[in-house]
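Let's walk through this structure together, one region at a time. Please keep the sequence and the 3D view open as you read.

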Amino acid sequence: MRVTIKDIAREAGVSVTTVSRVLNNKADVSDKTREKVLKIIDRLNYNPNSIARGLVMNKTYTIGLIVPDISNAFFAEIAKAIEDELREYGYSVIFCNTDNDKDREKESIDLLRSKQVDGLIGAFSHDSKDEVLALGKAGLPIVQIDRLVDDSQIPSVIIDNILSGYEATEYLIKKGHRRIAHITGALDTNTGIRRAEGYRKALQEYGIEIDEELVMEGDFSQESGYLAMKEILERNKDLTAVFAGNDMMALGAYRAIYAAGLKIPEDISIIGHDDFTLASLVSPALTTMQQPIYKIGKVAASLLIDIIKGKKNKEGLIVVNTSLIERSSVKTIH
Ligand code: RIB
């Protein structure tokens, strides 16, 4: 039975990360721990050479990760969680950022396949559906995060975007707002599409007429939030609230609202989505729908390892919950 890095860690009573630090001769390990770990490595005849190990097991012990926008703290936090979890299993990550560019998304998939990664985690747009399905059919373990290509059985870790969009809008309605705008996320992603669906469903269920003049398409970027909010304000003088499909666009909307000489929440109330790190730091602090961002990353990485080890089948959907984080950007009106 091949001795693994986890066996060494268990036998020594330390973390896999500590064993990895000893193997890489890092300074931040006490002499006592280093000596104990080295003795166990020697006694169990552990071969840390990942290349040799890879050749024997026909594995590279690398995982590919594809995200659309690493400058968005949402994806940066997910990437950190994924790497943290994979390191515990002795895997490293080859990371690709696509800047929401569909061609770069396809190039990234091809690159990672050429690097013979053992598995792939990605937030894909619909445009890459054929490539993602082909990889799955070729037997590469894949887990989708956040955004997924529809009609695929590929394992995914997501939130219920319709429910989350509904609850964000319902919160504004219960605060007395009726003229509520929505800045959508990218409409080539199911997260953007389904949050807008939740917005419309809430208005309908509360008997509020949907005014398409109050709905503007964004792409999850701050700039798109600014431009969309600017357009909405120019078109409508009577709106009192806006639901932005993510926090980056909410920050862009702040810019447009202030540029129009208006105040938040006195003139315009705003709710975002994600609760990324900046949401609590802006003024007024942003009320938003919190995604369990770090948990999504860890669950996705752990699910992929189970699939690689054959412990989990190659299908399945894990849905995690969002929750309302009430701060200072929404006013109650009667
Ligand atoms: O902020 C980036 C957005 O894109 C998030 O809402 C996430 O859900 C992704 O779809």
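Which side chain is joined to that of K175 by a polar contact? The partner is E326, and the contact spans 3.4 Å. A polar contact here is a pair of N or O atoms within 3.5 Å; within protein, one must be able to donate a hydrogen and the other to accept it, and residues adjacent in sequence count only if both atoms are side-chain atoms.

Before we go on, a word on the source: this is a predicted model, in which local features need pLDDT of at least 70 and side-chain atom pairs count only at pLDDT 80 or more, while totals for chains, interfaces and linings use all residues. Residues are numbered from 1 along each chain as its sequence is written, and side-chain values use heavy atoms, with hydrogens and water left out.

Back to K175, which sits in the loop between α8 (161-174) and β6 (180-184). Helices (H or I, at least four residues) and strands (E, at least two) are DSSP runs, numbered from the N terminus. Setting aside neighbours within four places in sequence, K175 is in contact (heavy atoms within 4.5 Å) with E326, V330, K331, T332 and I333.

Now turn to the ligand. Around the ligand you will find N72, F74, F75, D146, R147, T191, R195, F220, N246, D274 and Q291, each with a heavy atom within 4 Å of it. Three of these residues place a polar side-chain atom by a ligand oxygen: R147 at 2.8 Å, R195 at 2.7 Å and N246 at 2.8 Å. On its own the ligand has 270 Å² of accessible area, and the protein covers 100% of that; such areas come from the Shrake-Rupley method with a 1.4 Å probe.

Next, look at the backbone. I264 and P265 are joined by a cis peptide bond with omega of about 0°, and P265 belongs to the loop between α11 (247-259) and β9 (269-274). Another cis peptide bond links S283 to P284, with omega of about -5°; P284 lies in the loop between β9 and β10 (287-290). N100 is not a glycine, yet its phi is positive, about 60°. You can find N100 in the loop between β2 (92-97) and α6 (102-114).

Finally, visit helix α2 (residues 16-23) and helix α3 (residues 31-43), whose axes come within 10 Å and cross at roughly 85°. The contact involves T18, V19, R21, V22 and L23 of α2, together with T33, R34, V37, L38 and I41 of α3.

Technical notes
Axes fitted to C-alpha atoms, helices over the stretch in contact; angles between N-to-C directions.
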